[in-house]
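Hello,

Here is the structure for you to look at. Please open it first, then read my notes below.

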Amino acid sequence: MKDLIPKYLDEIKSFTADSQEQLENFRVKFLSKKGIIPGLFAVLKDIAPEDRKEMGVLLNELKNSALEKVNELKSGLEEQAGKKIDVIDLTLPANFSTLGSKHPLSIVRNDIINIFSRIGFTVAEGPEIEDDWYNFSALNFPEEHPARDMQDTFFIEKKPDTVLRTHTSSVQIRVMEKQKPPIRAIFPGRVFRNEAISARAHCIFHQVEGLYIDENVSFADLKQTLYYFATEFFGAGTQIRLRPSFFPFTEPSAEMDISCFICHGKGCKICKKTGWVEILGCGMVDPNVLENCNIDSEKYTGFAFGMGIERIAMLKYQIDDIRLFFENDVRFLKQFESTHS
Ligand code: PHE
């Protein structure tokens with residue numbers, strides 16, 4: 001027995017395992033109940049008492065080195081198994097990150113810009129914080145006009161002359177002050193009104209303004225331009241109708257409806273059974289406005305129009321709550337694809 005122990009010790013020390021199975025066989029061979037080491041312990045009692053103590057020490061050594069070996073190989077094998085999982089499998093399909101999409105308001109704004117740029121309109125922008133002159137006075141709003149009222153306009157605190165613009169018409173003045181006719185431009189931008197937020201109204205929204213000033217610009221030019229826009233945006237066969245209206249900065253003024261592109265005039269929820277939907281305000285630029293910008297109103301005439309981007313987008317995509325545009329819920333946003341590039 002004394003001779004056997006070094007032999008087993010060698011076997012244990014030099015053992016390696018490539019698999020859990022090999023390791024388990026090793027463990028069973030040496031350490032299980034019927035294994036070699038418990039077997040040797042079992043015969044310890046038969047050994048002469050003077051040798052027993054020494055043998056006991058040797059056997060314990062043997063047992064400990066077997067236990068150590070099992071633990072060492074076990075953690076080695078586990079580590080290897082873990083590493084295998086980390087190895088990159090190049091045959092797996094790639095994990096594509098999802099692409100963002102354009103906001104519906106951007107799509108509609110870009111579509112409008114494209115349509116007007118094809119007939120020679122350039123794009124200009126003006127500031128969102130304006131003074132009374134650009135937002136009201138130069139646009140021929142009388143001193144007591146209700147649109148100047150606190151209910152509609154956000155005034156900058158302590159600077160009552162300074163407002164958040166209530167419409168993009170202010171950019172008309174900025175452009176006409178700097179540039180002399182011919183002027184043919186559109187002005188997209190954000191506007192602000194002190195209104196309660198609901199499904200139909202928001203205190204922040206977007207408009208696109210149009211301005212065309214030259215010699216001999218007539219109401220017929222306005223009509224033709226808007227007819228072109230309506231058919232390009234809402235599709236061939238779209239009809240337009242102009243209803244008399246009032247704006248301080250245009251004379252005559254009108255509101256334009258398009259034939260309902262959902263029911264084609266038969267009457268539906270979108271057109272409230274009338275067959276028509278209102279999409280913009282327009283008119284011939286009031287001579288007072290031209291004069292306020294030092295443009296000779298005897299020589300030049302022009303037209304202007306303004307439309308709400310949210311309103312057009314709600315019609316186009318049949319969205320019934322304006323608040324959705326500002327919540328930026330990805331589930332809402334990812335549904336929109338541009339029809340024009
Ligand atoms: N500024 C007007 C509005 O916000 C729209 C408009 C623009 C009307 C240009 C006529 C001419 O309602």
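Helix 10 covers residues 309-317, and its buried residues are Ile309, Glu310, Ile312, Ala313, Met314 and Leu315. Keep in mind that this is a predicted model.

What do these buried residues pack against? Three of the partners are helices: helix 5 (104-117), helix 8 (219-234) and helix 11 (324-327). The others are strand 6 (204-214), strand 9 (276-285) and strand 10 (301-308).

**Helix 1 against helix 2**

Two packed helices are described by the angle between their axes and the distance between the axes. Helix 1 spans residues 4-14 and helix 2 spans residues 20-31. Their axes come within 12 Å and cross at roughly 160 degrees. An angle over 145 degrees counts as roughly antiparallel, so helix 1 is roughly antiparallel to helix 2. The crossing is left-handed. Helix 1 brings Tyr8, Glu11 and Ile12 to the contact. Helix 2 brings Phe26, Lys29 and Phe30. Of these residues, four are nonpolar, two are charged and none is polar.

**Cysteines**

How many disulfides does the whole structure hold? The search finds zero. Take Cys268: its closest cysteine sulfur is in Cys260, 3.6 Å away. A disulfide needs the sulfur atoms within 2.5 Å, so that pair is too far apart for a bond. Cys268 is buried, with a relative accessible area of 14%. Cys282 is in no disulfide either. The nearest cysteine sulfur to Cys282 belongs to Cys293, 19 Å away. Cys282 is buried too, at a relative accessible area of 2%.

Best wishes

Technical notes: Residues numbered from 1 in each chain as written. Predicted model: local features only at pLDDT ≥ 70, side-chain atom pairs only at ≥ 80, totals over all residues. Heavy atoms only, no water. Buried < 20%, exposed > 50% of the residue type's maximum accessible area, 1.4 Å probe, protein only. Helix = DSSP H or I, 4+ residues; strand = E, 2+ residues; numbered from the N terminus. Contact = heavy atoms within 4.5 Å. Axes fitted to C-alpha atoms, helices over the stretch in contact; angles between N-to-C directions. Parallel < 35°, antiparallel > 145°, perpendicular 65-115°, else oblique. Left-handed = near helix turned anticlockwise from the far one by under 90°. Nonpolar A, V, L, I, M, F, W, Y, C, P; charged D, E, K, R; others polar.
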